Amino acid sequence: MSSMMEVSMYNNEDRYRRKRRPRRRVKRRRINKARFAVFSFTVILFLSIIFIKFFLPSLSKSPVAEAENQNGSPEWIEKKEDMEKEILRNRENKNILTDSDSKETDDKSAENSVYDDKEDKEDKDKADQKKDKFDFKMDSAAGPLIYYNQEDPKWSDQLYGPSDPIGTHGCGPTVMASVVSSLTEYDMDPVQMSNWAYENGYCAVGNGSLHSLIPDAARAFGLNVEPLYHANEDSIKNALSEGKIIVELSGHGIFSDEDGHFFIIRELKPNGKVTVSDSVNLSHVFEQWNIQTLINEASNTSSSGGPFWAIGK
């Protein structure tokens, strides 16, 4: 009996605890919500006070609002009159400046316009001179290649050495002027290269240039030179594929009526043919050539590693 009573009391106590726990949890949740609400309200109120005290006056401060706040007080009327006088004074000063300085401004504008026109004219003259100096550029394995023609009136009658005109004896300097101007930072036209070649002993009076002009001039201006001994189609294609151009010395035939004419093999085409730069015959520039044809045209009496020199940067 006593054991049953103890069990009953335990069960009642357990029920009591089970009933009380949910109520305590609900109460705690209500208390937490109330605290959060009070805290949020306090924060909002604090921020509102700061905004009203510090930011609102600066936003609403304007001449119109200030006038309305002053309600037409004498201080504000006096201040307004001073402001109006200052505005009128500024307008008068602006008009005086405009009237007195308009002529000077126009003169300066005209002077600047003349100066700009003069600069434009100088730039145009420089561009025209450059255009006259460098006839045009062509594609090549080494990049854009400047074309010079030794029979150009600008220099064809000028002398290469003591007595030979560039137009008839200057294919070597003309070719190397094109190579150096295109592949280096030096600007060399046929006249300048002819003078350099003559001063350095490469002019063969009455016969054009020594064959050594080609490799020696290239090296003198910082270029790499490789003679193509026993040149064939493969060696020429390989040199062009490596980004080099090739100077060839031809014999009597398509490119020259005499035994000796320098020209450039400049680019390999997808069809296996090549293009050239001929300083005498401009029409040759726009044709495509079989490599074997150019090999057949090569001189049999060349020296200094010729008749083919591969030149690159």
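Guide: Helices (H or I, at least four residues) and strands (E, at least two) are DSSP runs, numbered from the N terminus. This is a predicted model, in which local features need pLDDT of at least 70 and side-chain atom pairs count only at pLDDT 80 or more, whereas totals for chains, interfaces and linings use all residues. Residues are numbered from 1 along each chain as its sequence is written, and side-chain values use heavy atoms, with hydrogens and water left out.

Visitor: What is the mean pLDDT of the protein chain?

Guide: The pLDDT is the predictor's confidence in each residue, from 0 to 100. Here the chain has a mean of 78, and 64% of its residues reach 70 or more. In residues 60-71 the value is below 50, and this stretch has seven contacts in the model beyond near neighbours in sequence; contact means heavy atoms within 4.5 Å. Residues 129-134 are likewise below 50, with 10 contacts beyond near neighbours in sequence.

Visitor: At roughly what angle do the axes of α5 and α6 cross?

Guide: Axes are lines fitted to C-alpha atoms, for helices over the stretch in contact, and angles run from 0 to 180 degrees between N-to-C directions. The axes of α5 (residues 171-183) and α6 (residues 190-199) cross at roughly 110 degrees and come within 8 Å.

Visitor: Which residues of α5 and α6 meet?

Guide: Pro 173, Thr 174, Met 176, Ala 177 and Val 180 in α5 meet Pro 190, Met 193 and Ser 194 in α6. By class, this contact has six nonpolar, two polar and no charged residues. Ala, Val, Leu, Ile, Met, Phe, Trp, Tyr, Cys and Pro count as nonpolar, Asp, Glu, Lys and Arg as charged, and the others, Gly among them, as polar. As a general idea, an α-helix has 3.6 residues a turn, so residues three or four places apart point the same way.

Visitor: How does α5 pack with α7: roughly parallel or roughly perpendicular?

Guide: The angle between α5 and α7 (residues 213-220) is about 30 degrees, with the axes 10 Å apart, and the two helices are therefore roughly parallel. This crossing is right-handed. Gly 172, Pro 173 and Met 176 of α5 make the contact with Leu 213, Ile 214, Ala 217 and Ala 218 of α7. Its classes are six nonpolar, one polar and no charged residues.

Visitor: Which residues in α7 are buried?

Guide: Buried means under 20% relative accessible area, exposed over 50%, and partly exposed in between (1.4 Å probe, protein chains only). In α7, Leu 213, Ile 214, Pro 215, Ala 217 and Ala 218 are buried. In α5, where Ser 182 is found, that serine is also buried, with a relative accessible area of 16%. Leaving aside neighbours within four places in sequence, Ser 182 is in contact with Pro 144, Leu 145 and Ile 146.

Visitor: Ser 250 and Ser 277 lie in which strands?

Guide: Ser 250 is in β8 (residues 245-250), and at 0% relative accessibility Ser 250 counts as buried. Beyond neighbours within four places in sequence, its contacts include Phe 255, Phe 263 and Glu 297. Ser 277 is in β10 (residues 274-277) and counts as buried at 4%. Among the contacts of Ser 277, with neighbours within four places left aside, are Met 138, Leu 145 and Phe 263.

Visitor: What is phi of His 230?

Guide: Most residues other than glycine have a negative phi, and most peptide bonds are trans. For His 230, phi is positive, near 55 degrees. His 230 lies in the loop between β7 (224-227) and α8 (233-241) and is exposed, with a relative accessible area of 78%. For Ser 304, phi is near 60 degrees, also a positive value; this serine is in the loop between α9 and β11 and counts as partly exposed at 37%.

Visitor: Is the peptide bond from Gly 306 to Pro 307 cis or trans?

Guide: The bond is cis, with omega near 10 degrees. Pro 307 lies in the loop between α9 (291-297) and β11 (308-312).

Terms used: Parallel < 35°, antiparallel > 145°, perpendicular 65-115°, else oblique. Left-handed = near helix turned anticlockwise from the far one by under 90°.
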